[in-house]
Amino acid sequence: MESPFKTDILKGKVALLTGGGSGIGFEMATQFGKHGASVAIMGRRKHILDSAVATLQSQGIQAIGLEGDVRKQEDANRVVESTVKHFGRLDILVNNAAGNFLVSAEDLSPNGFRTVLDIDSVGTFTMCHEALKYLKKGGPGKGPASGGTIVNISATLHYTASWYQIHVSAAKAAVDSLTRSLALEWGTDYDIRVNGIAPGPIGDTVGTRKLIPDEIKSKTREYMPLYKMGEKRDIAMAALYLASDAGKYINGTTIVVDGGLWLSRPRHLPKEAVKELSRVVEKRSREAPIGVPKSKL
Ligand code: COA
């Protein structure tokens, strides 16, 4: 599918994406590459990274794979340094690595809770922390002429409350908070824009397979009428928008890309019934306004 953006909007930029070897991370890496960026993808599994890099390179994209776990500060540091060593600079950091599984709060161990916060929230902060000196305007090497930018992948789970997602809801609430705090501090001090994307259910991803297993798919529309699966490309287009000049005045915002799903509520009354009932209720309230005794009418 043709891109709505010009193919050079990220020309000369270098992007580092955590969890970039598969799923949404890989699609973002691909689209960044197709729009002119060189990309470094970080992940824990070498064979996934190797095959992702081969696919990117086969499309003419300058790409490297760097093994590492965002939970380890030494890995974060090494990956950032290797990216700059290889490409000479860093302009865009995408914090996409995340952990998830369905579990009731009662059955979740404190270590399970901590593990997800370590990956999503602490991992995001650690990567930002290690990348800062290169994202600063005029940072070491051929640093960005204006400040670089950060995109944090979040969720909508914590806008209300989500069943069996207490760990991820807490972790992504922290990510959104990081997005705003860094946007304020680093936007002011270093001209770095920090934004987020909150994806809805995206087809063909581990996250969606874990959260909406096939066994419950058919029931989903009953309680989420706006339920519609998105595509990885939908998230990649939002990331391109935020990372490119198109988003140059956007800072501290998390864009929801979910087809409106988080607003979904089961319909409690059919549309035809509401017309009829509304008139009946109107008539009733005119005949007996609240607080006015019937004898006074
Ligand atoms: N239900 C309940 N608890 C679970 C669980 C599940 N399905 N999966 C893991 N846990 C708990 C473990 O029991 C453990 O806690 P404990 O020590 O008290 O028993 C803790 O979480 C850590 O599990 P472990 O398997 O050691 O962690 P890990 O570092 O190998 O893997 C995960 C991290 C669990 C987040 C794993 O799912 C992962 O690597 N995910 C990355 C990919 C992903 O989830 N992508 C989707 C993103 S939306």
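1. Which residue has its backbone oxygen 2.8 Å from a polar atom of the side chain of Ser169? That residue is Gln165, and the pair falls under the heading of a polar contact (N or O atoms within 3.5 Å; within protein, one must be able to donate a hydrogen and the other to accept it, and residues adjacent in sequence count only if both atoms are side-chain atoms).

2. Before going further, please note that this is a predicted model, in which local features need pLDDT of at least 70 and side-chain atom pairs count only at pLDDT 80 or more, while totals for chains, interfaces and linings use all residues. Residues are numbered from 1 along each chain as its sequence is written, and side-chain values use heavy atoms, with hydrogens and water left out.

3. Ser169 is part of helix α5, residues 166-190 (helices are DSSP runs of H or I with at least four residues, strands runs of E with at least two, numbered from the N terminus). Ser169 counts as buried because its relative accessibility is 12% (buried is under 20% relative accessible area, exposed over 50%, partly exposed in between, with a 1.4 Å probe and protein chains only). Leaving aside residues up to four places away in sequence, Ser169 touches Leu157, His158 and Ser162, where contact means heavy atoms within 4.5 Å.

4. Leu49, Ala52, Val53 and Leu56 of α2 are buried. These buried residues fall within an arc of 100 degrees when seen down the axis of α2, so they line one face of the helix (the arc is that of the directions from the helix axis to the C-beta atoms). Their cover includes α1 (23-34), β2 (38-43) and β3 (63-67), whereas His47 and Ser58, on the other side of α2, are exposed. After α2 comes Gly60, with a positive phi near 80 degrees.

5. The ligand is surrounded by 15 residues, of which Arg44, Arg71, Ser109, Asn111 and Lys210 are the closest (a residue is near if one of its heavy atoms lies within 4 Å). Helix α4 (110-135) and helix α6 (206-211) each supply at least two residues of this shell, and the largest share, four residues, comes from α4.

6. Asn100 contributes a backbone N or O atom, 3.0 Å from an oxygen atom of the ligand.
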